Amino acid sequence: MINFEDELKKFHPSLEVEDAEDAIYNQDLTDMADILVKMIKETETKTKKEKKSDEVQ
């Protein structure tokens, strides 16, 4: 019969899994939320500039 306690003591995670985990967590990925926030900020800035230029005229 398998002694699970002994098997767990012998267990060592695969280096490939650890390396993949580091690579995934260390990437700064842009997702849709980041893109939308950037677009909103750019639109707000553009709108403010247009309002200022309209006030000057």
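This is a predicted model: local features need pLDDT of at least 70, side-chain atom pairs count only at pLDDT 80 or more; totals for chains, interfaces and linings use all residues.

Biologist: Is Ser-53 buried or partly exposed?
Modeller: Buried would need a relative accessible area under 20%, and exposed one over 50%. Ser-53 has 35%, so the label for this residue is partly exposed.

Biologist: How many Å separate the C-alpha atoms of Ser-53 and Val-37?
Modeller: Along the chain, Ser-53 and Val-37 are 16 residues apart.

Biologist: Stepping back, in what order do the elements of the protein chain run from the N terminus?
Modeller: The secondary structure comes to three helices and zero strands. Read from the N terminus on, the order is therefore α-α-α.

Biologist: What is the radius of gyration of the protein chain, against the globule rule for 57 residues?
Modeller: For 57 residues the globule rule gives 10 Å, and the chain is well over that, so it is more spread out than a compact globule. Along the principal axes, the C-alpha atoms fill a box of roughly 85 × 20 × 15 Å. The radius of gyration itself is 26 Å.

Biologist: What share of the 57 residues is buried?
Modeller: The accessible surface of the chain comes to about 6100 Å², and 58% of it belongs to carbon and sulfur atoms. A buried residue has under 20% relative accessible area. Of the 57 residues, the buried share is 0%.

Biologist: Now for charges: how far apart are the mean positions of the positive and negative ones?
Modeller: The chain carries 9 positive and 16 negative charges. Their mean positions are separated by 13 Å.

Biologist: How far is Thr-30 from Lys-10 in space?
Modeller: Thr-30 sits in the loop between H2 and H3, and at 57% relative accessibility it counts as exposed. In sequence, Thr-30 and Lys-10 are 20 residues apart. From C-alpha to C-alpha, the distance is 39 Å.

Biologist: Which side chains meet in a salt bridge?
Modeller: Side chains of opposite charge can pair when their charged atoms come close. With a nitrogen-to-oxygen limit of 4 Å, the count comes to one salt bridge. Its N to O distance is 3.6 Å, and the partners are Glu-7 and Lys-10.

Biologist: By how much of a helix are Glu-7 and Lys-10 separated?
Modeller: Glu-7 is partly exposed at 40% relative accessible area, while Lys-10 is exposed at 54%. Both residues belong to helix H1, residues 4–10. They are three residues apart there, so the separation is about one helical turn.

Note on methods
Residues are numbered from 1 along each chain as its sequence is written. Side-chain values use heavy atoms; hydrogens and water are left out. Buried means under 20% relative accessible area, exposed over 50%, partly exposed in between (1.4 Å probe, protein chains only). Helices (H or I, at least four residues) and strands (E, at least two) are DSSP runs, numbered from the N terminus. The radius of gyration is taken over C-alpha atoms; the globule rule is 2.2 Å times the number of residues to the power 0.38. Accessible areas come from the Shrake-Rupley method with a 1.4 Å probe; for residues, only the protein chains shown count as cover. Lys and Arg count as positive and Asp and Glu as negative; His and the chain ends are not counted. The place of a charge is taken as NZ of Lys, CZ of Arg, CG of Asp or CD of Glu.
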